[in-house]
Amino acid sequence: MLTRRVAGPAQQVGLAIWARAAGTLAPPRNTEFALLQDSDLAVFDSILGSGGVITDPHEVDPYNRDWMGKYRGRGRCVLRPRSTAQVSALLRHCSARRLAVVPQGGNTGLVGGSVPVHDEVVLSTGLMTTLLGFDPGSGALTAQAGAVLATLEAAARERGHAMPLDLGASGSCAIGGNVATNAGGIRLLRHGPLHGSVLGLEVVLAGGQVLDLLSSLRKDNTGYDLKQLFIGSEGTLGVITAVAIQCPAASPATSLAYLAVPSFKAAQQAHGVLQAARQNLGELLSAFEFLDRESLEVAKQFLPGARDPLPGSDTVIPYTAQAPFFLVVEIAGSSEQHNAAMLEAFLESTMGEGRVLDGVVAQDSRQAGEIWALREGITEALRHRGAIYKYDLSFRVEEMYGVVGAARERLASAYPSGFLGGGAGSTAGSDTEHALKVVGYGHLGDGNVHLNISAPRYDAGLEALIEPWVYEFTAAHSGSISAEHGLGRMKAPCIGYSKPPEAVRLMRSIKAAFDPQGILNPYKVLPPE
Amino acid sequence: MRVLVAVKRVIDYNARVRVKPDKSGVDLKNVKMGMNPFCEIAVEEAVKLKEGGSASEVVAVTIGPKAAGDTLRTALAMGADRGVHVLEDGEVQPLAVAKLLAALTRREEATLCMLGKQAIDDDSNQTGQGLAGLLGWPQATFASKVVVDREAGRASVTREVDGGLETLSLKLPAVITADLRLNEPRYATLPNIMKAKKKKVDTVTAQELGVDITPRLKLVKVEEPAKRQAGVMLSSVKELVDRLRNEAKVI
Ligand SMILES: Cc1cc2nc3c(=O)[nH]c(=O)nc-3n(C[C@H](O)[C@H](O)[C@H](O)COP(=O)(O)OP(=O)(O)OC[C@H]3O[C@@H](n4cnc5c(N)ncnc54)[C@H](O)[C@@H]3O)c2cc1C
């Protein structure tokens, strides 16, 4: 049992800090950082030339706001370099002046890591989008850090390969941001985490030094593997300027099924669908995702164009209309016929045994696209619905859904009406759009659940009910409080729930070695001292 | 009333189309294939007619090689009652397809033929019209709404035309071709996919149907469209005017 971690955070960071930092309230500004002067802007201008520096408050504003609309900084200036040399010159100046800097890619991060907390300068990779190379022999793709994931995916596809990761934000997120957050997503099950597929990185350190680790060799055991430290460092150790990544050969044939299952147990348990899939589909299995009924309802209501793949199941088999869980199972292989035969045999047996109630098999890429859009669109649908308290947790697969039920119970007893009291959105009792809603979805095959509490607005009382309870619950069940989104600003004070004090101390010394002045993405990842 | 619905196996609309190096056609090796989207819509409409009580039986027909049988199974999984597979490995041009369908319509004594308005591989948009001509039946192409009045023996079909909607009233038997907005085809559910395996599929050949399918058209060559040049971002209106005047020479 790893419950020893439960007691950690309170002792470690102190309850006062906890209360301040865990909320959406900002930690205080570090007064050691310089304030931006006109003379700094002149230097930035001289490095970047026209169009490289944004200071118009209207144009700066989107760089100050996070994707969820939960965090908002007060940065006054956005830097948009095009080259590594420019990043280096910018950071040399910022460290000389002790100006704090937030690296920003596509700004789709979900933990408030990509926007300033106070007046940090935003360093955006938005103009660093060049594809630097592709090795057809090995599948190694090299690109500037700001290249958008979907663009790289298209480039890899053109060449018969695929990116080793895919996620719902692929149209906006940048490869540098993916590496900086160690993003997981729907292909992790098949291709493993970025720690395996990133071959090399080019990074500019806080002082402006360029660290060239941009090897595209598959194997390289010369000394400490420094690039690993930057994977998941969330902009706190250096600015990633280029990425070399291993792209697997694209599978010629993929097949997709969307299944209704009678319970979470049936989905994963010893004799559940996941295990059957692992055994019978083996190496073909390429994604195993889940959504609960509440997630489906939110997507149907708030995602433009979303369609329920099993709308008529209530007439065919009455109880599937109320099926509590749905799975998205993808297989990828070399032959369409073989795929279809394997998938059908697998589905026939799981359905025969009652572990699957009903389901559909996509008959073409349009249907497959619609099903993926539904699963991947839940995050966006939740944003359309209102405020979101988002917890990206991992557990042993068997236990991963428990937290969703526990959260529902907790909210139901605190808010018996199902609504927040007072303020906007509290009025009409029947207006379900304003009801509190607890949904769970995510990467079942990897034990990663996205617990989301959807509310009409951000509310301190609601937040206090969820946090730190959700972190305590997670630690008590030996889970991780951040499976793939990172800690960012939101969970920096909470690292102790998942890491022992010795580890946090070592992280601090690593941070100090790379960024002695602490100018890179301050107030993020590590708890306040 | 028996409905005959035609389904064609085509290259998946998302697949990357590669022209064969000798320009003799499109390379279909290892390319994802599936039912023509307009055929899917036709199947959905036929199944709806049956569910709504206007049709008594839906017979799905495909013409093509063995693999086209998969497409037929999809139609059966969507709710067609049985299938007919005209097994032909070679090229079958629109006129030949129309003749085969006419022969089958007579053989099956169908009262309504549902087709997609066109197939997305060749975009010929001829089969439905040809079929109606061969049978001497009324036709309504590009349907966006279909209402069948069984008692009156008529179908009312709405079509999207330039500037509005046109509604036709046809006397059955008739031929109707489906446009994009007619309906949203359903997914094939697992129980229905399993049921479809047990549904009856007849296999026939053009010869058995007494239809000559010798190609009448000669394909000269297939070429990829010219690559579009990438756009350029200009920094000012002045530069735009300058380029339009001096480079494009349009003003
Ligand atoms: C709809 C949606 C779905 C998502 N699905 C998933 C999912 O399935 N799996 C998953 O893991 N995540 C998911 N995410 C969150 C995910 O972390 C981000 O989408 C993505 O990885 C971040 O990339 P970005 O370019 O937007 O980075 P940003 O949001 O701009 O930045 C994220 C962090 O990385 C740092 N950073 C960015 N670029 C650099 C750089 N060049 N050098 C150093 N630091 C940098 C920032 O400072 C920040 O701390 C999702 C987000 C959305 C909105």
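Which residue just after α4(B) takes a positive phi? B:G136 does, at about 70 degrees. The notes below work through this predicted model point by point.

1. **Helix α4 of chain B.** This helix covers residues 127-135. Its buried residues are B:T127, B:G128, B:L131, B:A132 and B:L135. They fall within an arc of 135 degrees when viewed down the helix axis, so they line one face of α4(B). The buried residues of α4(B) pack against α3 (94-108), β6 (112-116), β7 (139-149) and β10 (174-178) of chain B.

2. **The annotated domain in chain A.** UniProt, in an unreviewed entry, lists residues 71-250 of chain A as "domain: FAD-binding PCMH-type". In the model, that span is 24% helix and 22% strand. Its end C-alpha atoms lie 38 Å apart.

3. **A buried lysine, A:K524.** Look in the segment after α21 (501-514) of chain A. A:K524 is buried, yet it has no salt bridge. The nearest side chain of opposite charge belongs to A:E120, 4.8 Å away. What does the side chain of A:K524 reach at 2.9 Å? It reaches the backbone oxygen of A:V115. Residues touched by A:K524 include A:V102, A:T236, A:G488, A:R489 and A:A492.

4. **A:S88.** This serine sits in helix α5 (residues 84-97) of chain A. Its relative accessible area is 5%, so A:S88 is buried. Beyond its sequence neighbours up to four places away, A:S88 touches A:V204, A:G208 and A:V210.

5. **A:L199.** Strand β7 (residues 198-204) of chain A holds this leucine. A:L199 is buried, with a relative accessible area of 5%. The contacts of A:L199 include A:A140, A:S215, A:L217, A:R218, A:K227 and A:I245.

6. **Salt bridges in chain A.** The whole structure has 47 salt bridges over all chains. One of them joins A:R187 and A:D166 (3.8 Å, N to O). A:R187 lies in the loop between α7 (175-181) and α8 (188-191), and A:D166 in the loop between α6 (149-158) and α7, so the pair ties together parts that are 21 residues apart in sequence. Both A:R187 and A:D166 are buried. A:K227 and A:D225 also meet in a salt bridge, at 3.1 Å. Here A:K227 is buried at 12% relative accessible area, whereas A:D225 is partly exposed at 36%.

7. **Salt bridges in chain B.** B:E44 and B:R186 meet at 2.9 Å, N to O. The pair links distant parts of the chain, 142 residues apart. B:E44 is in helix α1 (residues 37-51), and B:R186 is in the loop between β10 and α5 (190-198). B:E44 is buried, at 4% relative accessibility. B:R186 is partly exposed, at 22%. A salt-bridge network also links B:R2, B:E57, B:R82, B:R107, B:E108, B:K200 and B:D202.

8. **Cis peptide bonds.** Which residues does a cis peptide bond join in chain A? They are A:E467 and A:P468, with omega about 5 degrees. A:P468 lies in the loop between α19 (460-466) and α20 (469-476) of chain A. In chain B, a cis peptide bond joins B:L172 and B:P173, with omega about 0 degrees. B:P173 is in the loop between β9 (164-171) and β10 of chain B.

9. A:N107 has a phi near 55 degrees. This asparagine lies in the loop between β3 (101-104) and β4 (121-124) of chain A. A:N107 is buried, at 12% relative accessibility. B:E109 has a positive phi of about 50 degrees and is not a glycine either. It lies in the loop between α3 and β6 of chain B. B:E109 is exposed, at 62% relative accessibility.

Definitions and conventions. Residues are numbered from 1 along each chain as its sequence is written. Chains are lettered from A and ligands numbered from 1 in the order in which they are written. This is a predicted model: local features need pLDDT of at least 70, side-chain atom pairs count only at pLDDT 80 or more; totals for chains, interfaces and linings use all residues. Side-chain values use heavy atoms; hydrogens and water are left out. UniProt positions are given in the numbering used here, feature names are shortened, and annotations may be inferred rather than shown by experiment. Helices (H or I, at least four residues) and strands (E, at least two) are DSSP runs, numbered from the N terminus. Buried means under 20% relative accessible area, exposed over 50%, partly exposed in between (1.4 Å probe, protein chains only). The arc is that of the directions from the helix axis to the C-beta atoms. Contact means heavy atoms within 4.5 Å. Lys and Arg count as positive and Asp and Glu as negative; His and the chain ends are not counted. A salt bridge is a side-chain nitrogen of Lys or Arg within 4 Å of a carboxyl oxygen of Asp or Glu. A polar contact is a pair of N or O atoms within 3.5 Å; within protein, one must be able to donate a hydrogen and the other to accept it, and residues adjacent in sequence count only if both atoms are side-chain atoms.
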